[in-house]
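User: I am new to this structure and would like to go through it step by step. Could you take my questions in turn once it is shown?

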Amino acid sequence: MTTIYKFQFNNDSYIGSTNSSLEYRVHEHYNCMGRERCKHIKLYKYCNDYLLRRDFNKLVSVLETCPKLERTERTKLEQHYIDLYKPSLNMRNAYGIKKK
């Protein structure tokens with residue numbers, strides 16, 4: 001199954017997608033927060049700065065689920081939600097291109 005998800009922190013948000021379980025993907029995000037190489041990533045920096053690690057899994061919501069999509073189709077769907085919500089914590093668009 002493909003899941004498009006959103007982390008919402010007051011007025012800031014992050015959109016992502018996964019073909020794994022949402023619980024597994026959230027756990028991956030959580031583990032990355034403590035790694036030195038991830039400290040520059042907006043989502044993790046925001047969570048560490050505002051001490052949101054403890055409640056991280058409570059801040060995620062599902063935007064859409066559908067049968068498992070191939071990477072290209074999943075990326076298109078994720079980009080649709082990025083365009084719709086304009087999340088401030090996504091550093092790149094769904095295609096991996098840095099935002100300006």
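**Contacts and cores**

User: Leaving aside its neighbours within four places in sequence, which residues is F56 in contact with?
Analyst: This is a predicted model, in which local features need pLDDT of at least 70 and side-chain atom pairs count only at pLDDT 80 or more, while totals for chains, interfaces and linings use all residues. Residues are numbered from 1 along each chain as its sequence is written, and side-chain values use heavy atoms, with hydrogens and water left out. Contact means heavy atoms within 4.5 Å. Once neighbours within four places in sequence are set aside, the residues in contact with F56 are F7, F9, V26, H29, Y30, M33, L43 and C47.

User: Which residues touch the most other members of the largest nonpolar core?
Analyst: A nonpolar core is a set of buried Ala, Val, Leu, Ile, Met, Phe, Trp, Tyr and Cys residues joined through side-chain atoms within 4.5 Å, where buried means under 20% relative accessible area, exposed over 50% and partly exposed in between (1.4 Å probe, protein chains only). In the largest such core, which has 17 residues, the members that touch the most others are F7, F9, L43, C47 and F56. At least two residues of this core come from each of β1 (2–9), α1 (22–33) and α2, the helices (H or I, at least four residues) and strands (E, at least two) being DSSP runs numbered from the N terminus. Another core lies apart from it, with 7 residues, among them I15, Y81, I82 and A94.

**Confidence**

User: Where is confidence lowest in the protein?
Analyst: Confidence is given as pLDDT, the predictor's confidence in each residue, from 0 to 100, and the protein averages 88, with 96% of the residues scoring at least 70. The highest mean, 96, belongs to strand β3 (residues 60–66), while the lowest, 84, belongs to helix α2 (residues 42–49).

**Strands**

User: Is the pair of Y5 and F7 stacked or edge-to-face?
Analyst: Rings of Phe, Tyr and Trp (its six-membered ring) pair if their centres lie within 6.5 Å, and planes under 30 degrees apart count as stacked, over 60 as edge-to-face and the rest as tilted. The structure holds 5 aromatic pairs. Because the rings of Y5 and F7 have centres 5.8 Å apart and planes at 80°, this pair is edge-to-face.

User: What is the arrangement of the rings of Y81 and Y85?
Analyst: Y81 and Y85 are 4 residues apart in helix α3 (residues 71–85), so they are separated by about one helical turn. Y81 is buried at 11% relative accessibility, whereas Y85, at 36%, is partly exposed. With ring centres 6.3 Å apart and planes at 15°, the pair is therefore stacked.

**Cysteines**

User: How many disulfides does the count come to?
Analyst: A disulfide is a pair of cysteine sulfur atoms within 2.5 Å. The sulfur closest to that of C47 among the cysteines is in C32, 12 Å away, which is too far for a bond. The count of disulfides therefore comes to 0.
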